[in-house]
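Hi everyone, thanks for making time.

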Amino acid sequence: MYRDQGRGISMNFIGMVAALTAFFSVWFGHVAVRKIESISPTIWIPTIIFTALGILTEYFVLITDHWLLNTALGILGITLLFDALEFTRQQNRIKKGHAPANPDNPRHAKILTEYPSATTIDLLEREPVGYPSTMIH
Amino acid sequence: MNYFGLIIGVATLLIIGLGFPLVIQGERRFGYLWWPYMMLIGIMFIIASLFIQNDWLSVLVGVLGATFVWGSTELKEQAVRAELGWYPFNANKIKPPLENIIKKWRAPHL
């Protein structure tokens with residue numbers, strides 16, 4: 001059901017396809033969530049868009065019999081659904097100062113006034129020094 | 001209806017979820033300079049998946065490999081988080097073999 005004529009005799013590429021899809025889906029989500037959350041005036045719109053994309057992708061998975069496409073889209077769809085949740089988690093990081101707020105975004109500007117821990121500085125943008133160092137940015 | 005991809009997607013999410021404690025505990029106990037070894041373990045898992053004929057097992061091993069490779073790119077930032085006090089800091093980490101050579105390489109971060 002999941003195999004086609006392109007499959008080799010001794011090598012099984014489904015694990016490799018799954019690994020590459022997982023790696024690049026996580027990378028894309030990691031970057032996209034941070035970028036979109038930073039510039040979006042609301043988080044519910046991107047949350048709904050990513051949820052819809054995730055559900056749509058999983059729907060295609062259910063009606064696709066191609067073994068590699070089925071695997072890749074299955075992983076991509078679930079990653080998109082997890083990214084939808086990540087918008088809220090990223091906003092919480094902004095509130096705690098664990099990710100930099102964008103003062104040009106009205107939602108972030110409000111967070112900066114309401115949460116003393118929020119900051120526009122990216123505290124993670126440096127090399128490790130090997131000792132506790134809250135003062136080094 | 002073909003549920004293979006959907007189940008694989010959920011399984012992938014669970015395996016990637018293992019990556020969080022892997023990075024946190026790995027950095028705390030060993031330090032971020034172990035990143036080349038973590039990356040190598042991941043690549044070996046992915047290569048091994050090529051030789052597993054069972055599709056389910058091949059996918060799980062491949063995704064586990066991807067989790068290790070991704071985790072290796074997260075170790076440096078996790079080290080900074082621990083230094084900032086967001087996670088417990090351990091000063092007595094186990095040093096990696098070839099530490100002086102690894103220190104000269106730029107640790108990956110995506």
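Chain B has a mean pLDDT of 94, and 100% of its residues reach 70 or more; pLDDT, by the way, is the predictor's confidence in each residue, from 0 to 100. Within chain B, confidence is highest in helix H2, residues 35–49, at 97, and lowest in helix H4, residues 99–104, at a mean of 92. When I say helix, I mean a DSSP run of H or I with at least four residues, numbered from the N terminus.

Some housekeeping. This is a predicted model, where local features need pLDDT of at least 70 and side-chain atom pairs count only at pLDDT 80 or more, while totals for chains, interfaces and linings use all residues. Residues are numbered from 1 along each chain as its sequence is written, chains are lettered from A and ligands numbered from 1 in the order in which they are written, and side-chain values use heavy atoms, with hydrogens and water left out.

Okay, on to how the two chains meet. On the chain A side, 45 residues are in contact with 41 residues of chain B, where contact means heavy atoms within 4.5 Å. Together the two chains bury about 3,900 Å², and 69% of that is on carbon and sulfur atoms. Buried area here is the accessible area, with a 1.4 Å probe, that two parts lose on being put together, summed over both.

What about polar contacts between chain A and chain B, how many residue pairs are there? The count is 15, with both residues at pLDDT 80 or more. A polar contact is a pair of N or O atoms within 3.5 Å; within protein, one must be able to donate a hydrogen and the other to accept it, and residues adjacent in sequence count only if both atoms are side-chain atoms.

Which elements of chain A give two or more residues to the side touching chain B? Those are helices H1 (14–39), H2 (44–63) and H3 (67–96) of chain A. H1 of chain A gives the most, with 11 residues. By type, the residues on that side of chain A split into 24 nonpolar, 13 polar and 8 charged.

A:Thr71 lies in helix H3 of chain A. Is A:Thr71 buried or exposed? At 0% relative accessibility, A:Thr71 is buried; the cut-offs are under 20% relative accessible area for buried, over 50% for exposed, and partly exposed in between, using a 1.4 Å probe and protein chains only. Setting aside residues up to four places away in sequence, A:Thr71 touches A:Ile14 and A:Ala18, plus B:Phe4, B:Ile8 and B:Val59.

Over in chain B, B:Thr12 sits in helix H1, residues 4–30. B:Thr12 is buried too, with a relative accessible area of 3%. Apart from neighbours within four places in sequence, B:Thr12 is in contact with A:Ala22, A:Ile75 and B:Val63.

Now the charged pairs. Side chains of opposite charge can pair when their charged atoms come close. For a salt bridge, the rule is a side-chain nitrogen of Lys or Arg within 4 Å of a carboxyl oxygen of Asp or Glu. Over all chains, that gives 11 salt bridges, and the count between chain A and chain B is 3. One of the bridges joins B:Lys76 and A:Glu127, at 2.9 Å, N to O.

B:Arg106 touches both B:Lys76 and A:Glu127, along with B:Trp35, again not counting residues up to four places away in sequence. B:Arg106 lies in the segment after H4 of chain B, and at 67% relative accessibility B:Arg106 is exposed.

Inside chain A, A:Arg89 forms a salt bridge with A:Glu86, with the closest N and O atoms 2.5 Å apart. Those two are separated by about one helical turn, because they are 3 residues apart in helix H3 of chain A. A:Glu86 is buried at 10%, whereas A:Arg89 is partly exposed at 40%.

B:Glu77 is buried at 9%, and B:Arg81 is buried at 16%.

How values were computed. Nonpolar A, V, L, I, M, F, W, Y, C, P; charged D, E, K, R; others polar.
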